[in-house]
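Here is a note for someone reading a protein model closely for one of the first times. Please keep the sequence and the structure open beside the points that follow.

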Amino acid sequence: MSWIELLQPDLVLEKSVLGITPELLQRNGLKGLVLDVDETIVPVGRALIEANVLTWAKSIQETVPLSLVSNNTGQDRIRQIAESLQVPFVASAGKPSRRKLRTAATAMNLPLEQIAMVGDRLFTDVLAGNRLGLFTILVAPMLEPNSKDPKNILRNAEFWISRQLGVTLKAIP
């Protein structure tokens with residue numbers, strides 16, 4: 001695969017993970033979701049899921065199974081988040097490594113192309129998902145209200161480099 005293919009998300013949302021609907025999943029033939037944690041379902045450092053994210057996750061779980069895969073090394077924090085959602089999890093994943101992502105995807109017992117890797121970062125979430133053959137969804141980061149995004153410079157650099165390589169990051173509304 002070329003760098004363009006490896007960094008190209010299958011779907012770019014202008015919204016947070018809350019923009020993923022059962023209809024969107026069905027339209028794309030998706031039957032499972034692997035979610036990044038930090039800035040995808042909670043702001044960095046938070047261990048409690050906001051009520052709207054919890055409601056979204058419960059609704060989506062009526063359609064597809066969920067699993068969490070995080071690069072964060074805070075095993076207890078990631079476990080607490082996973083337990084609040086009642087989903088399996090992997091911490092210290094080392095994305096863009098495929099090893100622990102493969103473990104989470106294989107546990108769903110679905111063809112890889114029917115599972116989406118959902119995250120806010122190109123060089124970790126999208127790259128890992130594409131390397132494994134998953135459908136990839138890039139979402140807008142979920143940040144603390146009124147806070148500066150600590151990864152903003154890095155995220156902007158990822159987007160700039162990706163665009164220079166020819167990656168298209170046109171979002172669907």
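Predicted model: local features only at pLDDT ≥ 70, side-chain atom pairs only at ≥ 80, totals over all residues.

**Notes on the fold and its details**

1. Glu39 has a positive phi of about 70 degrees although it is not a glycine. With a relative accessibility of 1%, Glu39 counts as buried, because buried here means under 20%.

2. Gln86, in the loop between α4 and β4, has a phi near 60 degrees, although Gln86 is a residue other than glycine. Is Gln86 buried or exposed? Its relative accessibility is 66%, so it counts as exposed, the cut-off for that word being over 50%.

3. Strands of a sheet pair through backbone hydrogen bonds, in either a parallel or an antiparallel way.

4. The pairings can be followed strand by strand. Four bridges join β5 to β6, and within this pair Gly119 stands opposite Leu138 in β6. Four bridges also join β2 to β5, where Leu35 has Val118 as its bridge partner in β5. Three bridges join β2 to β3, and here the bridge partner of Leu35 in β3 is Leu68. Two bridges join β3, residues 66-69, to β4, and Leu68 stands opposite Phe89 in β4.

5. The connections between strands deserve a separate look. β2, α3 and β3 make a right-handed β-α-β unit, and the crossover by which the chain passes from β3 through α4 to β4 is right-handed as well. A further right-handed β-α-β unit is made by β5, helix α6 (residues 122-132) and β6.

6. Which way do the residues of β3 and of β5 point? From β3, Leu66 and Leu68 point one way and Ser67 and Val69 the other way, and all are buried. From β5, Ile115, Met117 and Gly119 point one way, whereas Ala116 and Val118 point the other way, and these too are all buried. Five of the five residues of β5 are buried, and the strand is described as mostly covered. In a regular strand the side chains alternate between the two faces of the sheet.

7. The largest nonpolar core has 32 residues, and those with the most contacts inside it are Ile20, Leu33, Leu35, Ile41, Leu68, Val118 and Ile137. At least two residues of this core come from each of α2 (22-27), β2, α3 (51-61), β3, α4 (75-85), β5 and β6. Apart from this core lies another one of 13 residues, among them Val69, Ala105, Met117 and Ala128. In soluble globular proteins, nonpolar side chains tend to be buried together.

8. Leaving aside neighbours within four places in sequence, Ile41 is in contact with residues including Val17, Leu35, Ile49, Val53, Leu68 and Ile81.

9. Leu48 is in the loop between β2 and α3, and it touches Val42 and Gln80 when residues up to four places away in sequence are not counted. Leu48 and Ile81 are 33 residues apart in sequence, yet their C-alpha atoms are 6.4 Å apart in space.

10. Thr136 has its place in strand β6 (residues 135-138), and it is buried, with a relative accessible area of 0%. Which side chain makes a polar contact with the side chain of Thr136? The partner is the side chain of Asn130, at 3.1 Å. Beyond four places in sequence, Thr136 touches Gln8, Pro9, Asp10, Leu11, Met117, Val126, Gly129 and Asn130.

11. Lys95 and Pro96 are joined by a cis peptide bond, with an omega of about 25 degrees, and Pro96 is found in the loop between β4 and α5.

Technical notes
Residues numbered from 1 in each chain as written. Heavy atoms only, no water. Pairing = 2+ DSSP bridges. Buried < 20%, exposed > 50% of the residue type's maximum accessible area, 1.4 Å probe, protein only. Polar contact = N/O pair within 3.5 Å; in protein donor to acceptor, adjacent residues only side chain to side chain. Contact = heavy atoms within 4.5 Å. Core = buried A, V, L, I, M, F, W, Y, C linked by side-chain atoms within 4.5 Å. Right-handed = clockwise from strand over helix to strand, strands pointing away.
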